[in-house]
Amino acid sequence: MTEAATNGFRRLRFTDADGSDYSAIFEAEYHGSDFASETFATEDARYEYTVIGDDDLTLRTMRAEGGRRGGVIGARDDHVVFWLTRGRLEMHFADRSRVVEPGSPYIASASEAYRFESTGTVYNGVHVADRFLREVGRDLGFRLPDGPLLFDQQDEAVARHEPLRHLIGEIGPMLVDDRVVGRMRTALNRRLAIVVLDTFPIRNRGTDVPVANRLRDAVRFIEEHAAERPSVPEIAAACGLSQRGLQDVFARTLDSSPHRFLRDHRLDRVRRELLHADGGDTVAVIAERWGFTNHGRLAVAYRDRFGEDPATTLRSARAARPGRASWRLRRAVAFIEEHLDEDLTLQAIADAAGVRPRRLQQLFLEERGESPMAAVRSIRGASTRNAADGSGDRG
């Protein structure tokens, strides 16, 4: 177990508004080392960079508007897992280039240098010290390479469940609290480090298969065979883990069990079919297609997950056709239209629609084919165009 320590807790903030030069971010964080070079921000760039954490792990945000930023980042002491919620980032490594856009998390291994350039990004990141990550890996019994610790990206089957973001949402308030120090902070840091090790495959391990790849195989097997209701031993055999190992990785990474994950996936598939059912489909037919034979138990589980009965979903979906959205989505869109000039958040839209943010994401993707925030942008764009051509004044 990694021993707890005060470990240099810090809370830093750099902005163009207070006169912080862009290069000061890197000089302050890395004690003036030359790991960062040629860093620049154009005069029209506006940025705010925050760092909260200790020597083992820090949470970081960068909010930038206008202009461009860039530079060369050399080998460093920490691995960086980040995701964008806005903007675009180009990363050029020695053997490859990558354009990062909003969506799945991306990992930059500590030993890899790269050149970057970005425009108008909102960046959220977790920086984990290589030393600390290795200690946690050894505690878990992972086989780690003697040389540099290099990671591959998350597989999409795992990335779409967003394990790291969900965990940060749960423990983030404690991580940014400067009263949380010592053993408690180290325990929280470990939880994040474990998710990184469980979900990003480690390279250069010879014939040993990383846990992240085994988790990927388990998730894919469950999703491909959900209607057959595979048992936990069958899932474990399909991904090459013991039953105990399978239970452990699901608990610590997805905050679930294989059995519950399978049930939730089957419920999700039932809902998707109910939302797109043709005239001949009934709740019973769709439910049985996904292995639900006890309709009373299905109704309870479905209501617990989605806040309504299966029959209600089916009726609402049929009433919404053709070309009409469900009432919750209509309520969300109406709220967006009424508050276009405000700084809308996912939580505010979800509250207006009477659903949780995750469910709101599902509704927009299922019925509009875009995320809620993408819908905000498209509705704002349409409103601007209408105002410009005068169509907003037409009856």
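This is a predicted model: local features need pLDDT of at least 70, side-chain atom pairs count only at pLDDT 80 or more; totals for chains, interfaces and linings use all residues.
Helix H8 covers residues 243-254, which makes 12 residues. From its first C-alpha to its last, H8 reaches 16 Å, close to the 16 Å expected at 1.5 Å a residue. Which residues of H8 are buried? They are Gly245, Leu246, Val249, Phe250, Thr253 and Leu254. Viewed down the axis of H8, these buried residues fall within an arc of 130°, so they line one face of the helix. Just after H8 comes Asp255, with a positive phi of about 50°.

Most residues other than glycine have a negative phi. Glu162, although not a glycine, has a positive phi of about 50°. Glu162 sits in the loop between H3 and H4, and with a relative accessible area of 30% it is partly exposed. Arg229 is another residue other than glycine with a positive value, its phi being near 55°. The place of Arg229 is the loop between H6 and H7, where its relative accessible area of 46% makes it partly exposed.

Attention now turns to the aromatic rings. The structure holds seven aromatic pairs. One of them joins Phe82 and Tyr123, which are stacked, at 5.2 Å centre to centre and with 25° between the planes. Phe82 belongs to strand S6 and Tyr123 to strand S9 (residues 114-129), so this pair ties together parts that are 41 residues apart in sequence. Are Phe82 and Tyr123 buried or exposed? Both Phe82 and Tyr123 are buried. A pair of another kind is formed by Tyr302 and Phe306, which are tilted, with 4.7 Å centre to centre and 55° between the planes. Tyr302 and Phe306 are four residues apart in helix H11 (residues 295-306), and therefore about one helical turn separates them. Tyr302 is buried, as is Phe306. Phe82 and Tyr123 also belong to one aromatic cluster together with Tyr106.

Charged side chains meet aromatic rings too. Arg96 lies over the face of Phe93, at 4.1 Å from the ring centre. Arg266 lies over the face of Phe292, at 3.9 Å from the ring centre.

Glu112 is buried, because its relative accessible area is 13% and the cut-off for buried is under 20%. Beyond its neighbours within four places in sequence, Glu112 is in contact with Ile73, Gly74, Arg76, Phe93, Arg96, Leu150 and Arg203. Glu112 and Arg96 are 16 residues apart along the chain, and their C-alpha atoms are separated by 11 Å.

Strand S6 (residues 78-92) contains His79. With a relative accessible area of 2%, His79 is buried. What does the side chain of His79 reach at 3.0 Å? That side chain reaches the backbone nitrogen of Ala110. The side chains of His79 and Asp130 are joined by a polar contact of 2.7 Å. Neighbours within four places in sequence aside, the contacts of His79 include Ala108, Ser109 and Ala110, as well as Val126, His127, Val128 and Asp130. Leu133, Leu149 and Phe151 are also in contact with His79.

The C-alpha atoms of Pro148 and Asp130 are separated by 9.3 Å, with the two residues 18 apart along the chain. Pro148 is found in the loop between helix H2 (130-140) and helix H3 (156-159). At 46% relative accessibility, Pro148 counts as partly exposed. Apart from its neighbours within four places in sequence, Pro148 is in contact with Ser111 and Arg134.

Note on methods: Residues are numbered from 1 along each chain as its sequence is written. Side-chain values use heavy atoms; hydrogens and water are left out. Helices (H or I, at least four residues) and strands (E, at least two) are DSSP runs, numbered from the N terminus. Buried means under 20% relative accessible area, exposed over 50%, partly exposed in between (1.4 Å probe, protein chains only). A polar contact is a pair of N or O atoms within 3.5 Å; within protein, one must be able to donate a hydrogen and the other to accept it, and residues adjacent in sequence count only if both atoms are side-chain atoms. Contact means heavy atoms within 4.5 Å. The expected span of a helix is 1.5 Å times one less than its number of residues. The arc is that of the directions from the helix axis to the C-beta atoms. Rings of Phe, Tyr and Trp (its six-membered ring) pair if their centres lie within 6.5 Å; planes under 30 degrees apart count as stacked, over 60 as edge-to-face and the rest as tilted. A charge sits over a ring if NZ of Lys or CZ of Arg is within 6 Å of the ring centre and within 35 degrees of the ring normal.
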